[in-house]
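Here are my notes for your first look at this one. Keep the viewer open and click along as you read.

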Amino acid sequence: MSSLFFPRAWRRWLPVAAITLLISLPAEATTLRTVMHSALRTLDPVASSATIVRNHGYMVFDTLLGVDDQLEPRPQMADWQVSDDGLTYTFTLRPDLKWHDGTPVTAADCIASIKRWASYDAGGRVMMTKVAALTPLDDQSFELRLDTPFGEVLNLLAKPSAVPAFMMPERLASTPFGEMIPEQIGSGPFRFVADEFQPGVKVVYEKFDDYVPRSEPANGTAGGKQVNVDRVEWINMPDAQTAINALLSGDVDYIERAPIDLLMLLENQDGIHTEVLDRLGMQIEARMNFLHPPFDDVRIRRAALLAIGQQDVLDALIGDPRYYQACAAVFGCGTPYASESGGETLLSGGDIEGARQLLEEAGYDGTPVVILQPTDVATLAPQPVVVADALRRAGFNVQLEPMDWQTVVSRRASQAAPAQGGWNLFITNSNIDSIWNPLINSLLTAGGSESSWFGWPTDPELEQLRADFASAEDEADRVDISERVQRHALDQVIYVPLGQFRNVAAWRGALDNVLSGPVTAFWQLDKQED
């Protein structure tokens, strides 16, 4: 197949400059061309919680620990030992780890990386309140010593979402909080090709020849990250039909999230495979801004929750019941702490009349509700429209503001008033593995404008419950605390869970050994000629 052949719809969409970027390498190089769910513009996988940036992080960087397909911690860059009293964790790096610039990975690099990660991650911040010292023992090992028991150390260092504990050279890990790292130098299986990066258009990675994978079989983000292709290209195609056409013609090899409503175009095609690779899937979440009217009033937040029914959202987003489920659990259904207490109206279709009555009792004065509406990501575009309709029917004055997803990611960080470039509500999706308990679920942080996730709730009772969970050593106590968090979160409308769905990946028959698990990964995969 000529690398200069493109489907007619693609030729219309792509500018000449972008087509030029897609010209293939010489025939001897094996290039995997993929369409990811979103364009990549931000590159710091610790400072950003966006899933596409997390996926980029796993290409370039590595983690001390990984998780298997059951989300159990496993060694990756390091093995570990825990002292009998549970207070000291000793990590030993495996031999021959190098950064992409050729320098060796050291314990000092890892200590600096843990500290930087913990300053951004909700669970990491809690962990560091328990850490008495992080101390290098030599170049290849270091010690994490706790001052009080805390059983989540391994789970936090291994978790794949929302902010994984990526390791980076000390000079990058020393980047001040709030600033992006200036280079993409990791020790992961792929090397970022900076000269070919076109933000929003194309990202290129090449095999890191000095990467030495673990000897165990690949399993989730654990095991051996054996790379079998020379080059991976992420090509942005915001139009779903264009991406489908490109897959069918062979111009791309893989679509990370095939549009559910177009799956029938792929499911009966010879040489095309479709499969759910992440068994837990994703949760849809509506997040309100606690800093500005009208959602600074809990009664008005409750009215908004009453107005929304999950089924309408799920039907608009997915449509096919094979790939979604109604679920009002803030920790996701199918997880150890799942409870749907307080979410009855979400599951029953909403209560518009109850919402109207509550708005009247609260004295709602018609203050506009500015909803950020991404238009370029299929798994994020329908939800704001459905939620806006429900809120309008309940009596809210709603202003939908369309923009691309990366603009949403930037704008949601603004604490300005909605009329000055801020916002009142946005909707996002989270991997279930990033929300499944009170400690790691970033949306449940409630320390106010300085430390909470976007929306910035201040809720001392919720913060205390999260601290109690972190300190609990008995599993029955953890279950009880999680149930209390569930009820409190929906009573105060910390956020609104809008159901779960599973993405379907699609790829050509030339690909083999596609890895399932919580992260879109391109190690282990083989590509043959079509």
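1. Start with the inside. Bear in mind that this is a predicted model. The largest cavity has 23 residues in its lining, and those nearest its centre are Ser-49, Thr-51, Thr-428, Asn-429 and Ser-430. The top contributor is β19, with 4 residues.

2. How big is that space? The volume of the largest cavity comes to about 280 Å³. Sort its lining by class and you get 11 polar, 9 nonpolar and 3 charged residues. In total, the structure holds 4 cavities of 30 Å³ or more.

3. Next, have a look at the second largest cavity, at about 230 Å³. It is lined by 21 residues, and Glu-256, Asp-278, Asn-503, Gly-517 and Thr-520 are the closest to its centre. Here α3 supplies the largest share of the lining, 3 residues. The classes split into 9 nonpolar, 7 polar and 5 charged residues.

4. The largest pocket has a volume of about 690 Å³. Its lining takes in 28 residues, with Ala-47, Tyr-120, Phe-177, Trp-453 and Phe-454 the closest to the centre.

5. On to the backbone, where a few spots deserve a click. As background, most peptide bonds are trans, and most residues other than glycine have a negative phi. Which form does the bond from Pro-293 to Pro-294 take, cis or trans? It is cis, with omega near 5°. You'll find Pro-294 in the loop between β15 (282-288) and α10 (298-307).

6. Asp-96 is not a glycine, yet its phi is positive, about 70°. It sits in the loop between β6 (88-93) and α4. Is Asp-96 buried or exposed? It counts as exposed because its relative accessibility is 57%, and the cut-off for exposed is over 50%.

7. Asn-513 also isn't a glycine, and it has a positive phi of about 60°. Look for Asn-513 in the loop between β22 (511-512) and β23 (526-527). Its relative accessibility is 36%, so Asn-513 counts as partly exposed; that label covers values between the 20% and 50% cut-offs.

Key: Residues are numbered from 1 along each chain as its sequence is written. This is a predicted model: local features need pLDDT of at least 70, side-chain atom pairs count only at pLDDT 80 or more; totals for chains, interfaces and linings use all residues. Side-chain values use heavy atoms; hydrogens and water are left out. On a 1 Å grid over the protein atoms alone, a cavity is a set of points where a 1.4 Å probe fits but cannot get out, and a pocket is an open set with protein on both sides within 12 Å along at least five of seven lines; lining residues have an atom within 4 Å of a point. Grid points are joined across faces, edges and corners, and a volume is the space filled by probe spheres set on the points. Helices (H or I, at least four residues) and strands (E, at least two) are DSSP runs, numbered from the N terminus. Ala, Val, Leu, Ile, Met, Phe, Trp, Tyr, Cys and Pro count as nonpolar, Asp, Glu, Lys and Arg as charged, and the others, Gly among them, as polar. Buried means under 20% relative accessible area, exposed over 50%, partly exposed in between (1.4 Å probe, protein chains only).
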